[in-house]
Amino acid sequence: MPAEFSDTPVTRADAGEIPVLPDIGSASLRRDEAVHALSDVPHEPGAAKPDPILVTDHVLRRFGGLTAVDIGHVEIQRGSITALIGPNGAGKTTFFNLLTGFDRPDRGTWTFNGASLAGMAAYKVARRGMVRTFQLTKALARLTVMENMRLGAVGQRGESVWRAMFPGFWREQEEDITARAEELLARFSLDTKRDDFAGSLSGGQRKLLEMARALMVEPEMVMLDEPMAGVNPALTQTLLRHVKDLREQGMTVLFVEHDMDMVRDISDWVLVMAQGAVIAEGPPESVMSDNRVIDAYLGAHHDESLLEGAVAARIEQEAAAELAADGVPEASGAALQEDDR
């Protein structure tokens, strides 16, 4: 559970200085640890993990006659980066919304650190230490970058109507919150934008702001919904580095993404959804070669090819019939088609 701000002043080492990011050696060690922990896990949907932080059971969500999510059992390994992939309409974002309290299922249960989150409001889920970002960023455009960051902190005494009238109750805590926000903005290269309106940031910068604001909660698990969507390629590598850094800081990451190169690069484990269900899971290399995954992604294209072929054959038949009606031999019709090419 995230630590709330206390009355104890935050020292410069805790808040003012920018911590040294893990070097390549320690980053590699963290990934090796995650891969090793998952090495004996079966490559099948619903496989049990050695130390799951999130466990879901029989989660169902319908919209009228459409079943958006119907997941039997899923476990997310603590300290790992897990990718959630699947074709458009597979139910990935709906699944995120259910787990984080932004939507309610028709049935199902899920636990985070062993405690049930089913039916819990989104803000309470965040206080428990599980936060998420959105595919379309939710920055408050008419507030400054710093004001957006301050809003992300939990347990603020100044939020009380009575205490808000007496700055002595909350001023020191707000200074601590500001110090932490300054540190995170520097880490995400947004410190020069601290006094700019959030609405003036580029799409990539808003993604960085949303990720930085989520870390104000000091979460144990971060859920990222298409963090690279709409991001300028110049910022893609920066965002990738920050996603990897979350794992190096001991956090668990679950993210939705369509870029398979990125999934292969940073994920330790992959879940694949199609038509609302998890159809495959395993390491990236295993999942990418799974026929179930190939069918889920390419099946629609195969159907389109068959449809195009059927339409083309029908057109040829109708053309041949018209030529025959005009008294043109079939061979001559073929020759005319060849000339048209």
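## Basis of the model

Because the model is predicted, local features need pLDDT of at least 70 and side-chain atom pairs count only at pLDDT 80 or more, while totals for chains, interfaces and linings use all residues. Residues are numbered from 1 along each chain as its sequence is written, and side-chain values use heavy atoms, with hydrogens and water left out.

## Confidence

The pLDDT is the predictor's confidence in each residue, from 0 to 100. The protein averages 81, and 79% of the residues score at least 70. Residues 1-24 have a pLDDT below 50, yet this stretch has 41 contacts in the model beyond near neighbours in sequence. A contact means heavy atoms within 4.5 Å. Where pLDDT is low, the predicted coordinates should not be read in detail.

## Overall make-up

The protein has 13 helices and ten strands. These are DSSP runs, numbered from the N terminus: helices are H or I of at least four residues, strands E of at least two. Of the 341 residues, 40% count as buried. Buried means under 20% relative accessible area, exposed over 50% and partly exposed in between, using a 1.4 Å probe and protein chains only. Among contacts with a separation of 6 or more, 70% join residues 24 or more positions apart.

Helix α3 covers residues 92-99, and seven of its eight residues are buried, so the rest of the structure largely encloses it. The buried set includes Phe95, Phe96, Leu98 and Leu99. Just after α3, Gly101 takes a positive phi of about 85°.

Helix α7 has 17 residues, 171-187. Its expected span is 1.5 Å times one less than its number of residues. That gives 24 Å, and the end C-alpha atoms are 24 Å apart, which agrees. Among its buried residues are Ile177, Ala181, Leu184 and Leu185, along with the charged-type names Asp176, Arg180, Glu183 and Arg187. Ser189 follows α7, with a positive phi near 60°.

## Trp110

Trp110 sits in strand β4, residues 107-112. Trp110 is buried, at a relative accessible area of 2%. Leaving aside neighbours within four places in sequence, its contacts include Leu54, Val59, Leu98, Leu99 and Leu117. Of these, Leu98 and Leu99 are also buried residues of α3. Glu75 is 35 residues from Trp110 in sequence and 9.6 Å away in space, C-alpha to C-alpha.

## Pocket and cavity

Spaces are found on a 1 Å grid over the protein atoms alone: in a cavity a 1.4 Å probe fits but cannot get out, a pocket is an open set with protein on both sides within 12 Å along at least five of seven lines, and lining residues have an atom within 4 Å of a point. Grid points are joined across faces, edges and corners, and a volume is the space filled by probe spheres set on the points.

The largest pocket holds about 610 Å³. It is lined by 24 residues, with Ala126, Leu151, Gly152, Arg213 and Val217 nearest its centre. Helix α4 gives the most, five residues. The lining divides into 14 nonpolar, four polar and six charged residues. Here Ala, Val, Leu, Ile, Met, Phe, Trp, Tyr, Cys and Pro count as nonpolar, Asp, Glu, Lys and Arg as charged, and the others, Gly among them, as polar.

There is one cavity of 30 Å³ or more. The largest cavity has a volume of about 50 Å³. Helix α8 supplies the largest share of its lining, three residues.
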